[in-house]
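Welcome, and please open your viewer. We will go from stop to stop, selecting a few things at each one.

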Amino acid sequence: MKILVINGPNLNLLGVREPAVYGVQSLQDIEGELVRDHPEVDFSFFQSNHEGSLIDALHETLTNACDGVVINPGALTHYSYAIRDAVSSLRVPVIEVHLSNIHLREEFRKNSVIAPVCVAQISGFGSEGYHLAVQTLYQHLTTAGHRHD
Ligand code: DQA
């Protein structure tokens, strides 16, 4: 099963950026743990601080073998209709992840324009949220019978 994990703006700074909010692990630590803990999954990882590059990475799932996407769009979550439209153009399920609980923070973070076109939103479980998203996608895809081995 092939899963693409996408991280948006400022998530390259995980471990350095506001560790009390986002944790002490780097993005590389989190990606390494996903690979270690989910041997059944063939992962691709992509991070960018640029909206268009994230959209291009989402579009690539239309032509590359990919069974599902886990995305943390960072602050773009709250206002990027372009990312939302890219997600809703895909043929594979997408799960939105946030390390922090966006519903317990500033008003502007409470709304996600992307969640309505995702299978699920996972928010507030720290890095564990990426694992929950992968498990959920795996179960969803296994039940649906879609997979690229
Ligand atoms: C975030 C929450 C966003 O509001 C913020 O802009 C981020 C990280 C999270 O993972 O909690 O960059 O997506």
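Start by selecting cysteine 118, which counts as buried at 13% relative accessibility; buried means under 20% relative accessible area, exposed over 50% and partly exposed in between, with a 1.4 Å probe and protein chains only. This is a predicted model, in which local features need pLDDT of at least 70 and side-chain atom pairs count only at pLDDT 80 or more, while totals for chains, interfaces and linings use all residues. Residues are numbered from 1 along each chain as its sequence is written, and side-chain values use heavy atoms, with hydrogens and water left out.

The structure holds 0 disulfides (pairs of cysteine sulfur atoms within 2.5 Å). For cysteine 66, the nearest cysteine sulfur belongs to cysteine 118 and is 13 Å away.

Now select the ligand. Which residues are around the ligand? Look for Arg17, Tyr22, Asn72, Gly74, Ala75, His78, His98, Leu99, Ser100, Ile102 and Arg109, each with a heavy atom within 4 Å of the ligand.

Zoom in on the polar contacts, pairs of N or O atoms within 3.5 Å. At asparagine 72, a polar side-chain atom lies 2.8 Å from a ligand oxygen atom. Turn to leucine 99, where a polar backbone atom is 2.8 Å from an oxygen atom of the ligand. At alanine 75, a polar backbone atom is 3.1 Å from a ligand oxygen atom.

Finally, show the ligand's surface: taken alone the ligand exposes 320 Å² (Shrake-Rupley method, 1.4 Å probe), and the protein buries 99% of that.

Definitions and conventions: A polar contact is a pair of N or O atoms within 3.5 Å; within protein, one must be able to donate a hydrogen and the other to accept it, and residues adjacent in sequence count only if both atoms are side-chain atoms.
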